[in-house]
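This report concerns the protein chain shown below.

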Amino acid sequence: MKLTLRVWRQSGPEDKGRMVEYKLDDVSPDASFLEMLDVLNERLIAEGEEPVAFDHDCREGICGMCSLVINGTPHGPERATTTCQLHMRKFKDGEVIDIEPWRAAAFPVVKDLVVDRSAFDRMIQAGGYITAPTGTAPEAHAVPVPKPDADQAFEAAECIGCGACVAACPNGSAALFLGAKVTHLGLMPQGQPERWDRVVSMLETHDEEGFGGCTNTGECTAACPKGIPLDVIGRLNHDYLKATAGGKKR
């Protein structure tokens with residue numbers, strides 16, 4: 001395949017940044033998107049140029065590090081797929097591909113396609129955990145959990161924290177990520193002692209970090225590589241209202 005890549009290049013947080021065009025003439029349709037970028041970087045290094053910086057780790061669709069906006073869509077054109085699991089056969093020979101970093105005020109660009117997503121870490125530190133001592137692994141079924149609750153908790157726990165929801169949201173909101181974490185922990189018995197403090201603390205941190213408000217456009221769940229449903233945001237709002245208006249906080 002012959003491709004024209006228009007890649008965002010930015011030497012650092014203070015640099016203005018720009019799109020730079022590169023041409024690749026021999027791309028295998030079976031290569032993953034990141035492998036294609038590896039080929040580009042090998043060529044740039046051989047030519048004495050600065051390689052394109054991009055995030056990656058497991059390359060198995062698990063960690064969420066491969067955060068790229070491809071032709072305007074976080075993680076690219078294939079639904080429920082991370083960038084590292086996207087293959088070049090999804091593109092056409094001769095196609096022009098725009099490659100950019102996540103675009104959000106709360107995710108400042110570090111270099112090229114790499115952004116700082118530590119705001120997610122700070123939200124987790126604010127309440128995305130449990131402190132109840134659980135000891136050794138309990139006997140199976142020792143703590144009864146209704147199956148609908150278990151199913152919803154497992155579904156929400158699939159969130160890998162990649163930030164695609166933020167990049168897709170016109171408001172730069174992290175409500176889907178936050179809703180997934182609140183839903184996951186709030187449905188489990190171990191998460192009940194801190195349930196109400198958790199949702200308030202995490203939402204306050206969300207706003208302090210510069211994420212926007214949710215207006216239920218649904219772009220977040222459409223871009224999510226794990227298909228986290230929009231109803232986790234409803235549970236987030238429910239718990240927040242109950243924690244504040246209901247006087248449950250602290």
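## Packing of α3 and α5

In this predicted model, helix α3, residues 147-157, packs with helix α5, residues 175-186, at an angle of about 145 degrees. The axes of the two helices lie 8 Å apart, and α3 passes α5 in a left-handed crossing.

On the α3 side, the contact is made by Gln 152, Ala 153, Ala 156 and Ala 157; α5 contributes Ala 180, Thr 183 and His 184. Classified by residue type, the contact of α3 with α5 comprises four nonpolar and three polar residues, with no charged residues.

Strand β1, which covers residues 3-9, contains Arg 9. Arg 9 has a relative accessible area of 8% and is therefore buried, the cut-off being under 20%.

A polar contact of 3.2 Å links the side chain of Arg 9 to the side chain of Asp 112. Beyond its neighbours within four places in sequence, Arg 9 is in contact with several residues, including Asp 15, Arg 18, Tyr 22, Leu 44, Glu 50 and Asp 112.

## The chain as a whole

The protein chain has eight helices and seven strands. Its C-alpha trace spans about 60 × 40 × 35 Å along the principal axes. Of contacts between residues at least 6 apart in sequence, 69% join residues at least 24 apart.

Buried residues account for 46% of the 250 residues in the protein chain. The accessible surface of the chain is about 12500 Å², and carbon and sulfur atoms supply 50% of this surface.

Conventions: Residues numbered from 1 in each chain as written. Predicted model: local features only at pLDDT ≥ 70, side-chain atom pairs only at ≥ 80, totals over all residues. Heavy atoms only, no water. Axes fitted to C-alpha atoms, helices over the stretch in contact; angles between N-to-C directions. Helix = DSSP H or I, 4+ residues; strand = E, 2+ residues; numbered from the N terminus. Left-handed = near helix turned anticlockwise from the far one by under 90°. Contact = heavy atoms within 4.5 Å. Nonpolar A, V, L, I, M, F, W, Y, C, P; charged D, E, K, R; others polar. Buried < 20%, exposed > 50% of the residue type's maximum accessible area, 1.4 Å probe, protein only. Areas by Shrake-Rupley, 256 points an atom, 1.4 Å probe, with all protein chains shown as cover. Polar contact = N/O pair within 3.5 Å; in protein donor to acceptor, adjacent residues only side chain to side chain.
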